[in-house]
Amino acid sequence: FFIKTVFLWLGGNQVSPLRPICDLRVLDHFVPEARDSEVIMVRSLCCRGGCGVMKSYFVPLTSVDFAVLEHIDVSHDAVEVQTGLSLLDKALSNAMKTVRNSPLANALDNNISNIHSLGQILHSLDLQVVVGLHFTSPHDSAPASTQTQEVSSLPELLQVHSSFLRGKVRLLLSAAPACQRQNS
């Protein structure tokens, strides 16, 4: 609801381009929700028994090499974040199909919705590599690249999701040229 209100306030249905969404408080809204999913999962009775069948998924790496980051173009970071969000979207969607616990399923669904909202936020930054809400992701059984890791449990998946938002997504939103122009 919060993000829909922001988009309507920004004129989300108009043909004119979206104004860049550079306020990190928007991201700060998503991070606690990602952490809440971890808490719900830990408290869930089903997760003590395994939370359904979970196959392995490739998810983005969450580590950041700041020495390398200083020399990489923001558009490269945008591709990495876009791909990471796409991988998380697919993994969370598939994991949700195995969850029988309603509060946890609702939390996962909310995280998936937040990932789509982040796609719109990236689109508003005009990074020219993001194509709205339509994520194109590698097949989840494809070989892992140096930018991915394999997880085989829901706790691992949720931890990666939370770390990715706090790390790479936050850094990209902070460094986006549209946000730099707004702040100068």
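**Reading helix packing**

A: Helix 6 and helix 7 cross in a left-handed manner, where left-handed means that the near helix is turned anticlockwise from the far one by less than a right angle, and right-handed means clockwise. This is a predicted model, in which local features need pLDDT of at least 70 and side-chain atom pairs count only at pLDDT 80 or more, while totals for chains, interfaces and linings use all residues. Residues are numbered from 1 along each chain as its sequence is written, and side-chain values use heavy atoms, with hydrogens and water left out.

Q: What angle and what axis distance describe the packing of helix 6 and helix 7?

A: Two packed helices are described by the angle between their axes and by the distance between those axes. Here helix 6 and helix 7 pack at about 20°, with axes 13 Å apart (axes are lines fitted to C-alpha atoms over the stretch in contact, and angles run from 0 to 180 degrees between N-to-C directions). Helix 6 is therefore roughly parallel to helix 7 (under 35 degrees is roughly parallel, over 145 roughly antiparallel, 65 to 115 roughly perpendicular, the rest oblique).

Q: Which residues of helix 6 and helix 7 meet?

A: On the side of helix 6 they are L104, L108, N111, I115, L118, I121 and L122, and these meet L154, L158, H161, L165, V169, L172 and L173 of helix 7 (contact means heavy atoms within 4.5 Å). This contact has 12 nonpolar, 2 polar and no charged residues (Ala, Val, Leu, Ile, Met, Phe, Trp, Tyr, Cys and Pro count as nonpolar, Asp, Glu, Lys and Arg as charged, the others, Gly among them, as polar).

Q: Is L154 buried or exposed?

A: L154, which lies in helix 7, is buried, because its relative accessible area is 6% (buried is under 20%, exposed over 50%, partly exposed in between, with a 1.4 Å probe and protein chains only). Its C-alpha atom is separated by 7.2 Å from that of A95, although L154 and A95 are 59 residues apart along the chain. L154 is also among the residues of helix 7 that meet helix 5.

Q: How do helix 5 and helix 7 pack?

A: Helix 5 and helix 7, the latter covering residues 154-175, pack at an angle of about 155° with their axes 10 Å apart. Helix 5 is therefore roughly antiparallel to helix 7, and helix 5 passes helix 7 in a left-handed crossing. The residues of this contact divide into 16 nonpolar, 2 polar and 3 charged.

Q: At what angle do helix 5 and helix 6 cross?

A: Helix 5 (residues 74-96) and helix 6 (residues 102-124) cross at roughly 160°, and their axes come within 10 Å. Helix 5 and helix 6 are therefore roughly antiparallel to each other, and their crossing is left-handed. Among the residues of helix 5 that meet helix 6 are V81, L85, L88 and D89, and the helix 6 side includes A105, I112 and H116.

Q: Where is D36, and how far is its C-alpha atom from that of L158?

A: D36 sits in helix 2, which covers residues 24-43, and D36 counts as partly exposed because its relative accessibility is 43%.

Q: How many helices and strands does the protein have?

A: The protein has 8 helices and 2 strands (DSSP runs, helices being H or I of at least four residues and strands E of at least two, numbered from the N terminus). From the N terminus on, the elements run α-α-α-β-α-α-α-β-α-α. Of the 184 residues in the protein, 44% are buried.
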